[in-house]
Amino acid sequence: AFNGTWKVDHSENYDKFMEQMGINVMKRKLAEHDNLKITIEQTGNNFHLKESSTFRTKDIDFTLGVQFDYTLADGTEVSGTWEMEGDKMNGKFTRKDNGKVLITTRAIVGGELVQTYNYDGVDAKRTFKKQ
Ligand code: MYR
């Protein structure tokens with residue numbers, strides 16, 4: 001269900017979320033228009049993602065339930081896992097610099113991919129449309 005190429009359409013509270021993450025206003029302004037596109041290929045428990053944005057392009061491989069390292073677009077390093085809960089993906093990632101946890105979910109809602117983010121009490125959401 002997650003397979004395909006997804007392009008960000010709109011975001012809610014993403015600026016506040018990034019601010020809580022400690023990202024400065026210049027980078028936040030750029031990130032608001034990052035044109036993030038994610039291509040997802042799921043084969044059983046294995047995922048291959050291609051991430052592309054105005055910041056970078058990146059290939060990501062992970063297996064459900066298996067811890068992996070990931071570097072956010074601003075350089076912040078995290079480590080964590082994705083797990084499946086019914087039709088929903090639950091991600092839990094810990095920042096390497098301060099030990100704080102970033103919770104994220106992905107779900108298909110009405111044909112759109114909705115990703116939620118929570119960090120240190122601040123929630124945000126980004127909605128992606130299928131290409
Ligand atoms: C992936 O599945 O896309 C790779 C793992 C994602 C880890 C957490 C993603 C949170 C991204 C938040 C970006 C906010 C900018 C500071």
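Which ligand atom is 2.8 Å from an N or O atom in the side chain of arginine 106? I looked this up today, and an oxygen atom of the ligand is the one at 2.8 Å.

**Ground rules.** I am working with a predicted model, where local features need pLDDT of at least 70 and side-chain atom pairs pLDDT 80 or more, while totals for chains, interfaces and linings use all residues. I count residues from 1 along each chain as its sequence is written, and side-chain values use heavy atoms, without hydrogens and water.

**Around the ligand.** I found that tryptophan 82 also has a side-chain N or O atom 2.8 Å from a ligand oxygen. I then listed the shell, with a heavy atom within 4 Å as my cut-off for near. The ligand is surrounded by 14 residues, with Phe17, Ile23, Leu49, Trp82 and Arg106 the closest. The protein covers 92% of the 480 Å² of accessible area that the ligand has on its own (Shrake-Rupley method, 1.4 Å probe). I sorted the shell into 13 nonpolar, no polar and 1 charged.

**Who supplies the shell?** I noted that α1 (14-20), β5 (68-71) and β8 (101-109) each give at least two residues. Helices here are DSSP runs of at least four residues (H or I), and strands of at least two (E).

Definitions and conventions
A polar contact is a pair of N or O atoms within 3.5 Å; within protein, one must be able to donate a hydrogen and the other to accept it, and residues adjacent in sequence count only if both atoms are side-chain atoms. Ala, Val, Leu, Ile, Met, Phe, Trp, Tyr, Cys and Pro count as nonpolar, Asp, Glu, Lys and Arg as charged, and the others, Gly among them, as polar.
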